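Thanks, everyone, for making the time this morning. I would like to take one piece of a single model and go through it slowly, so please keep the view open while I talk.

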Amino acid sequence: MRPGPTSTRRWRTAAVVLLAGLSLLAIEGAAMAAGSAAGSTDGERSARFATFNASLNRAVEGELVADLSTPDDVQAQAVAEVIQRVRPDVLLINEFDFDAEGLAARLFQQNYLSVGHNGAAPIAYRYRLVAPSNTGIPSGFDLDNNGAVGGPNDAFGFGAFPGQFGMAVYSRYPILRHHVRTFQQFLWTDMPGALLPDDPATPAPADWYSAEELAVFRLSSKSHWDVPVLVGGKVIHALVSHPTPPVFDGPEDRNGTRNHDEIRLWADYVLSSRSGYIYDDDGTRGGLKPGARFVIMGDQNADPFDGDSVPGAPQQLLDNPRVNTSLTPTSPGGPEQAVLQGGANLTHRGDPAFDTADFVDVPGPGNLRADYVLPSKNLRMLAGGVFWPASTDPLFRLVGVFPFPTSDHRLVWVDVGVPGQH
């Protein structure tokens with residue numbers, strides 16, 4: 001079963017990109033003008049890419065729009081201040097509920113990012129993109145095999161309503177909207193060698209899902225988007241996603257295996273030798289061309305050494321020959337909190353300076369490296385960090401401890417050097 005170009009173009013009517021009427025030439029001109037204003041030279045220029053699972057999700061459809069319709073939501077104020085402190089040029093926000101009109105994304109800019117918080121300067125993103133998420137879309141099948149059809153566990157991605165836990169991209173650089181690719185409807189079974197979950201109660205392999213279920217089961221628990229942005233006349237593909245957590249299942253490990261293969265999609269997409277099987281929501285096949293510049297961003301819900309993910313899941317990206325890992329973002333707060341919180345953190349093999357998420361320690365996985373910003377090797381890594389201040393820092397109030405003022409995840413950022421025009 002393949003998505004057809006007619007039925008799958010519907011997301012385009014929901015995608016929200018500012019200045020949608022600009023032609024490609026006009027967009028390129030706007031980017032060059034922005035570069036001049038930023039003081040770029042004929043050489044390399046710096047651009048900051050960031051990912052933030054900001055937990056801007058709500059329990060009821062429409063609640064996020066209502067919360068953001070005034071400037072008074074305390075959590076959104078703190079999230080905005082974190083963004084204003086770090087000041088990324090291109091930002092992915094995970095767990096940002098989708099609405100078809102893009103109202104939440106617009107209101108967050110208008111009422112929060114455009115308003116300074118506690119001395120932090122406002123920040124304006126001229127371009128933004130939202131599109132549908134698989135979360136909360138009913139599958140019509142009993143995907144969790146509990147004997148009943150319906151509810152969040154039987155949706156294409158876990159969610160109480162369509163678009164819960166969605167994504168939003170904000171950019172100070174032009175988004176080339178006509179070249180955006182989405183992979184919301186790519187079927188898991190169409191991935192060669194997919195780690196389809198196995199029902200341990202039966203002798204047959206990889207049979208947790210029936211043939212009828214696999215004929216409609218989508219790989220992406222939210223969506224995968226290839227969002228090209230124009231930085232100083234050079235296209236950089238922001239490859240954004242949010243794989244499902246590898247937990248909340250049983251011995252069949254249906255979420256763990258799905259998490260692994262959601263990560264794998266980008267690992268294959270950036271390699272022309274392995275991407276031929278991939279098709280987007282318009283039916284176009286293949287991945288990035290050799291030499292294309294990209295930054296993989298998102299809450300991957302997988303730590304290289306600790307936690308519950310399938311072994312090697314994040315290494316699919318970290319060991320990828322096209323991915324630049326010459327610098328790993330760190331924070332002072334991660335190591336401090338690992339010691340203070342103890343529990344599972346005391347037995348972790350990974351460096352707590354790399355942690356990006358503050359999870360339950362007893363019982364639980366402890367703090368993990370779950371969020372990543374990974375540029376291509378043809379982009380030089382200049383700097384990076386995890387916004388996790390130490391408890392003695394006045395800005396610690398923006399991360400805190402449970403119950404968190406913002407999120408249980410931390411914003412991760414990387415500065416890349418983009419070759420200039422010659």
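Helix 4 covers residues 74-86, and its 13 residues reach 19 Å from the first C-alpha to the last, close to the 18 Å expected at 1.5 Å a residue. Please keep in mind that this is a predicted model.

At the start of helix 4, a side-chain oxygen of Asp 73 comes to within 3.3 Å of the backbone nitrogen of Gln 75, while the residue that follows helix 4 is Arg 87, whose phi is positive, near 60 degrees.

Is helix 4 enclosed or open? Ten of its 13 residues are buried, so helix 4 is largely enclosed by the rest of the structure. The buried residues are Gln 75, Ala 76, Ala 78, Val 79, Ala 80, Glu 81, Val 82, Ile 83, Gln 84 and Val 86. These buried residues pack against strand 1 (45-56), helix 3 (63-68), strand 2 (90-96), helix 5 (103-113) and strand 11 (412-418).

Let me turn to one of those partners, helix 5. The axes of helix 4 and helix 5 come within 10 Å and cross at roughly 80 degrees, which means that helix 4 is roughly perpendicular to helix 5. On the helix 4 side, the residues taking part are Ala 76, Gln 77, Val 79, Ala 80, Ile 83 and Gln 84, and they meet Phe 108, Tyr 112 and Leu 113 of helix 5. Sorted by class, this contact has seven nonpolar residues, two polar ones and no charged residues.

How values were computed:
Residues are numbered from 1 along each chain as its sequence is written. This is a predicted model: local features need pLDDT of at least 70, side-chain atom pairs count only at pLDDT 80 or more; totals for chains, interfaces and linings use all residues. Side-chain values use heavy atoms; hydrogens and water are left out. Helices (H or I, at least four residues) and strands (E, at least two) are DSSP runs, numbered from the N terminus. The expected span of a helix is 1.5 Å times one less than its number of residues. Buried means under 20% relative accessible area, exposed over 50%, partly exposed in between (1.4 Å probe, protein chains only). Contact means heavy atoms within 4.5 Å. A polar contact is a pair of N or O atoms within 3.5 Å; within protein, one must be able to donate a hydrogen and the other to accept it, and residues adjacent in sequence count only if both atoms are side-chain atoms. Axes are lines fitted to C-alpha atoms, for helices over the stretch in contact, and angles run from 0 to 180 degrees between N-to-C directions. Angles under 35 degrees count as roughly parallel, over 145 as roughly antiparallel, 65 to 115 as roughly perpendicular and the rest as oblique. Ala, Val, Leu, Ile, Met, Phe, Trp, Tyr, Cys and Pro count as nonpolar, Asp, Glu, Lys and Arg as charged, and the others, Gly among them, as polar.
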